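Here are a few exercises to work through with the structure open beside you. Try each task on your own before you read the solution.

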Amino acid sequence: MTVLLIALGAALGAPLRYLTDRAVQTRHDSPFPWGTLTVNVAGSLLLGAVAAVPAAPAVTALVGTGFCGALTTWSTLSYETLRLTRAGARWHAAANALGSVVAGLGAASLGYALAHALTG
Amino acid sequence: MTPPEFRVDPDVDLHVPADRAELTAHPATVLGAIAAGGVLGALARAGIQAAFPHPPTGFPWATFGINVTGCLLIGALMAVLGARPAHPLVRPFLGVGVLGGFTTFSAYAVDAQRAVAAGAAGTALAYLAATLVGALLAVQVGDAAAARLLRRRAAR
């Protein structure tokens with residue numbers, strides 16, 4: 001059952017990362033990968049909230065491991081950083097890597113705090 | 001600064017004409033390939049994480065290894081795809097799906113946050129830095145190793 005829930009979450013999360021990335025990119029023309037930052041921050045916020053509440057194992061598998069896990073990515077982030085460095089956009093590369101870590105950690109903390117406040 | 005076809009984003013880069021066109025041409029096939037790959041990647045990640053669990057104050061070795069390995073493989077995959085023609089679904093399936101679903105940023109951020117909350121700020125900081133450095137080194141190594149193999153093959 002857990003395997004099916006993880007699979008279902010991932011089957012939604014991975015295409016949603018692709019679609020979000022496209023949608024964000026159509027709204028700007030800078031080389032900075034805002035789309036990937038968006039999914040990584042949103043996924044960290046949601047997983048932070050899931051981790052804060054005593055969620056059922058089924059919810060953790062579906063939303064946490066499956067959906068948030070497949071929505072967010074390190075492989076895309078690292079490749080983008082490599083390519084920005086290659087393009088000579090060192091400032092963008094550093095901002096992408098360090099900014100993602102700081103924003104992700106902030107989003108996870110915010111999700112955790114919000115879920116705590118809402119559930120009491 | 002960058003030529004119009006210079007790819008930054010391996011998932012989808014709208015500066016690349018083929019990426020721009022792929023969703024309108026075959027939406028169900030592309031999204032299906034991404035979903036199928038994502039399921040395989042996520043299940044592999046979940047299996048490894050379940051085999052090597054870590055306490056809230058411990059170093060998440062499983063996720064660290066998963067993320068660094070995934071970065072190594074995306075570097076190699078994109079180098080191969082940049083050098084030789086491939087089926088249009090290879091990048092969506094393997095890159096966006098399998099490797100995107102295998103690696104995870106949310107577990108990275110949340111595990112670090114939980115370690116801080118559990119009083120292990122040192123472990124959290126070490127984990128944050130080790131993954132960042134490991135991921136960036138791995139993608140470079142994957143890219144360089146694949147490029148070298150491709151050159152050796154071409155020279156033969």
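The exercises below go from one chain, to the interface, to single residues; keep in mind that this is a predicted model.

**Exercise 1. Describe the fold of chain A.**

Task: Find how many helices and strands chain A has, and what share of its residues is buried.

Solution: Start with the secondary structure. Chain A has five helices and zero strands, so along the sequence its pattern reads α-α-α-α-α. Next, look at the overall dimensions: the C-alpha atoms of chain A fill a box of roughly 45 × 30 × 25 Å along the principal axes. Then turn to burial, where 52% of the 120 residues of chain A count as buried. Finally, check the contacts within chain A between residues at least 6 apart in sequence: 73% of them join residues at least 24 apart.

**Exercise 2. Size up the interface between chain A and chain B.**

Task: Work out how many residues of each chain are in contact, and how much area is buried between chain A and chain B.

Solution: Begin with the residue counts. On one side there are 55 residues of chain A, in contact with 57 residues of chain B. The area buried between the two chains is about 4500 Å², with 71% of it given by carbon and sulfur atoms. In chain A, the residues that lose the most area to chain B are Tyr18(A), Trp74(A) and Tyr79(A), which together make up 18% of what that side buries.

Now count the polar links. Between chain A and chain B there are 22 residue pairs in polar contact. To see which parts of chain A take part, list the elements that give two or more residues to the side touching chain B: helices H1 (2–25), H2 (34–52), H3 (57–71), H4 (75–86) and H5 (90–119) of chain A. H1(A) gives the most, with 13 residues. By type, this side of chain A divides into 28 nonpolar, 20 polar and seven charged residues.

For charge pairs, the rule finds two salt bridges across the interface. You can look up one of them at Arg86(A), whose side chain meets that of Asp143(B) at 2.9 Å, N to O.

**Exercise 3. Inspect the annotated residues of chain B.**

Task: Which residues does the UniProt annotation "binding site" cover, and are they buried or exposed?

Solution: According to the unreviewed UniProt entry, the annotation covers Gly100(B) and Thr103(B). Take Gly100(B) to begin with. Gly100(B) sits in helix H4 (residues 90–102) of chain B, and its relative accessibility is 0%, so Gly100(B) counts as buried. Beyond its sequence neighbours, its contacts include Arg17(A), Thr73(A) and Gly95(B).

Thr103(B) lies in the loop between H4 and helix H5 (106–117) of chain B. Thr103(B) is buried because its relative accessible area is 0%, under the 20% cut-off. Residues from both chains touch Thr103(B), among them Trp74(A), Ser75(A), Arg45(B) and Cys71(B).

Definitions and conventions
Residues numbered from 1 in each chain as written. Chains lettered and ligands numbered in written order. Predicted model: local features only at pLDDT ≥ 70, side-chain atom pairs only at ≥ 80, totals over all residues. Heavy atoms only, no water. Contact = heavy atoms within 4.5 Å. Buried area = accessible area lost by both parts, 1.4 Å probe. Salt bridge = Lys/Arg side-chain N within 4 Å of Asp/Glu carboxyl O. Polar contact = N/O pair within 3.5 Å; in protein donor to acceptor, adjacent residues only side chain to side chain. Helix = DSSP H or I, 4+ residues; strand = E, 2+ residues; numbered from the N terminus. Nonpolar A, V, L, I, M, F, W, Y, C, P; charged D, E, K, R; others polar. UniProt positions renumbered as here; feature names shortened; annotations may be inferred. Buried < 20%, exposed > 50% of the residue type's maximum accessible area, 1.4 Å probe, protein only. Lists of a residue's contacts leave out its neighbours within four places in sequence.
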